[in-house]
Amino acid sequence: MLNGVQFGLMLFLLAAGLTLVFGIMDMINLAHGSLYMIGAYLTATFVGITGVFWLGVLLAVVGTALIGMLLEFSILRQLYRRDHLSQVLATFALILIINEVVRIIWGSQPLLLSAPEGLSGPIEILPGLNYSAFRLTIIGVGLVVAMGLFLLVNNTRVGMWLRAGASNREMAQAMGVPIKPLFTLLFGVGAALCAIAGAFLGPILAVQVGMGESILILAFVVIVIGGIGSVKGALVGALLVGIVDTAGRAFLPLLLSQVASPEVASNLGPALASILIYLLMAVVLFFKPQGLFPART
Amino acid sequence: MKRILWLMVLLGLAGFSLSLAQPRTVKIGFVSTLSGGGAALGIDARDGFNLAVRLLNNQLGGLPVEVIVADDQQNPDVARQAVDRMLKRERVDFMTGIIFSNILLAVGDAIFEEKIHYISLNAGPSEYAGERCNPYFFNVAWQNDNLHEAMGQYVNTRRFENVFILAPNYPAGRDALTGFKRFYKGKIAAEVYNRLNQLDFSAEIAQIRAAKPKAVYTFQPGAMGVNFIKQYAEAGLLREIPLFLPGFSADADVIRAVGRPMVGIYNSSHWALELNNPVNQRFVEEFRKAYNRTPTLYASQGYDAALMLDAAIRAVGGDVSRKDDLRKAFLAGFNSTRGPLKFNPNGYPIQNYYLRQVVQAPNGEIINRLAGNIFSNHSDAYVSQCKLK
């Protein structure tokens with residue numbers, strides 16, 4: 001259950017950036033996963049150099065945000081007026097290019113990124129129930145970032161512009177919202193969120209080429225469930241997906257092993273668990289075709 | 001007329017240079033996993049192999065050698081293309097290198113059909129040990145079940161009841177748990193298979209917590225082992241439920257990545273750093289000098305594969321077309337990092353299996369120490385089903 005929340009919050013960080021970019025700029029950015037990968041690699045590098053986990057994460061987040069803004073400024077800006085197919089093709093090409101560049105710079109072996117010394121042990125959260133301190137930290141960080149994002153979107157002028165842009169772009173532009181710098185900034189924020197996710201998932205998973213693609217699909221599922229352009233939707237969707245996925249993987253094989261051999265059960269279990277997510281998506285879309293919290297009405 | 005004369009001169013020169021041709025070079029096709037989560041294994045095996053070739057003055061059995069390396073990316077399709085290239089275009093004389101059993105099973109038949117000897121330095125699937133054994137297949141390391149059999153035997157003698165066993169769902173993972181169960185006679189709390197190359201084990205760790213076993217045995221090669229042990233320790237289970245591992249999940253590569261939590265863990269191996277024979281001492285010393293790291297069992301297997309080829313090519317006087325004699329030479333064995341090594345008719349070795357424990361050396365280095373002998377002159381369980389002689 002906690003694992004699901006932890007995974008869900010990390011998914012939320014990814015999906016929040018994606019949903020804002022998609023909802024406000026009307027831009028499908030497949031290279032979002034690559035920013036996540038860059039964030040993880042930068043974290044591993046900076047942690048290696050500085051020796052301090054938190055400093056490394058901070059540097060990596062800033063670095064990734066800069067890279068994201070640079071990408072927006074140089075390449076993606078040309079794509080806003082194009083149709084979705086060109087955007088998908090161009091950003092898919094970006095994925096391949098970034099993967100190769102990362103392979104050239106860091107090599108094809110996965111990098112090692114360890115949780116900071118003080119958090120690598122367990123914590124007793126309930127009597128007799130230990131839980132990884134680092135995963136708890138992830139939950140905390142995820143919650144803090146989610147709160148910050150809500151405040152930013154709901155209580156600031158920039159947030160107002162964002163919401164205006166998400167619900168009706170032309171009108172917002174006509175009302176004098178500085179759309180170009182806003183988009184660059186937004187892209188930077190999205191990249192920074194990716195970097196946070198990459199930095200905290202890196203020690204749990206592995207920092208390797210292609211780590212972005214597998215999680216990108218889940219992020220898309222999240223924003224479709226949540227409603228495109230809605231941060232609240234992204235949060236709810238991410239938690240739903242995280243919990244369903246983890247619970248499914250943990251308990252389906254157990255249930256199945258009651259009726260089938262362990263090999264069959266462990267084959268079927270994860271497969272069924274991943275179907276479960278898409279099933280969830282299908283059900284949500286059936287009742288709410290715009291997602292749970294549609295940004296546009 | 002002049003032109004024809006020139007042509008004749010050229011032809012003459014060509015003929016001359018042919019007659020002066022070098023002794024034939026022997027070509028080795030080395031297909032291995034050099035990228036992705038299993039890369040550490042392939043890289044260590046390759047470095048071990050190259051080290052041996054270099055120490056033999058770039059010769060095997062007295063012939064100059066060319067090693068052609070390709071990365072299979074742990075992907076059967078990529079491996080098939082690489083092997084195809086080795087067989088058809090490079091026309092190699094021997095093949096070796098593959099780490100993962102599912103990769104080997106995807107390309108094995110293509111190699112055997114070309115009557116090319118494949119010297120496996122790692123993957124030892126049960127499929128090639130029994131009825132489907134092949135005269136062109138040898139494994140210098142072990143049969144997949146072996147290290148797990150040793151650990152099953154050890155856990156059995158320690159009288160642990162109710163053991164939770166976990167392995168990735170691929171041929172070597174299934175062999176692993178079969179091997180463990182062959183010698184462990186107690187109750188199995190649960191037998192679980194995870195996905196190959198899975199990195200987040202939170203679901204499996206939740207299952208372990210729920211099953212409340214007395215001990216956990218898991219086989220996770222490469223990055224999977226690193227992640228599993230880290231997460232098992234982070235969840236606080238390492239202190240509650242002892243973890244037993246095969247040598248694959250507890251060698252220098254994993255220790256480097258996981259660090260302190262590894263100290264105290266028992267694991268099984270056919271090789272150890274401090275095995276007391278001149279071949280091994282030279283290997284460990286030269287490996288550390290050349291690559292500035294502690295060798296793993298994979299590195300020793302790569303090194304041994306080169307020594308095995310060296311001995312056999314020498315035995316046939318450098319004529320690598322004498323396939324039957326080569327086979328006899330391979331079966332006769334050679335002097336390995338584990339001492340003199342002999343083979344069964346199915347191509348798998350007969351050897352000792354040891355117990356090792358991860359300890360912190362006085363200089364602070366975390367390292368594997370020999371802690372005892374589990375099996376002596378042990379063969380695999382399938383050899384009786386093999387019809388080869």
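Tutor: Start with a term. Helices here are DSSP runs of H or I with at least four residues, numbered from the N terminus. The model is predicted. Our part is V316(B). This residue sits in a loop of chain B, between α12 (297–315) and α13 (323–332).

Is V316(B) buried, exposed or partly exposed? Count its C-beta neighbours inside 10 Å: there are 18. A buried residue needs 20 or more, and an exposed one has 12 or fewer. So V316(B) counts as partly exposed.

Which residues does V316(B) touch, once neighbours within four places in sequence are set aside? The contacts are R322(B), D325(B), L326(B) and A329(B). Now take R327(B). It lies 11 residues from V316(B) in sequence. In space, the two C-alpha atoms are 9.9 Å apart.

Next, the contact between the chains. Chain A gives 27 residues and chain B gives 24. On the side of chain A that touches chain B, β2 (129–132), α10 (231–257) and α11 (262–287) each give two or more residues. That side holds 14 nonpolar residues, 11 polar and two charged.

Last, chain A and its record. An unreviewed UniProt entry lists "transmembrane region" for several spans of chain A, including 85–106 and 207–228. In the model, residues 85–106 of chain A are 100% helix and 0% strand. Their end C-alpha atoms are 31 Å apart. Residues 207–228 of chain A are 73% helix and 0% strand. There, the end C-alpha atoms lie 29 Å apart.

Methods. Residues numbered from 1 in each chain as written. Chains lettered and ligands numbered in written order. Predicted model: local features only at pLDDT ≥ 70, side-chain atom pairs only at ≥ 80, totals over all residues. Contact = placed C-beta atoms within 7 Å. UniProt positions renumbered as here; feature names shortened; annotations may be inferred. Nonpolar A, V, L, I, M, F, W, Y, C, P; charged D, E, K, R; others polar.
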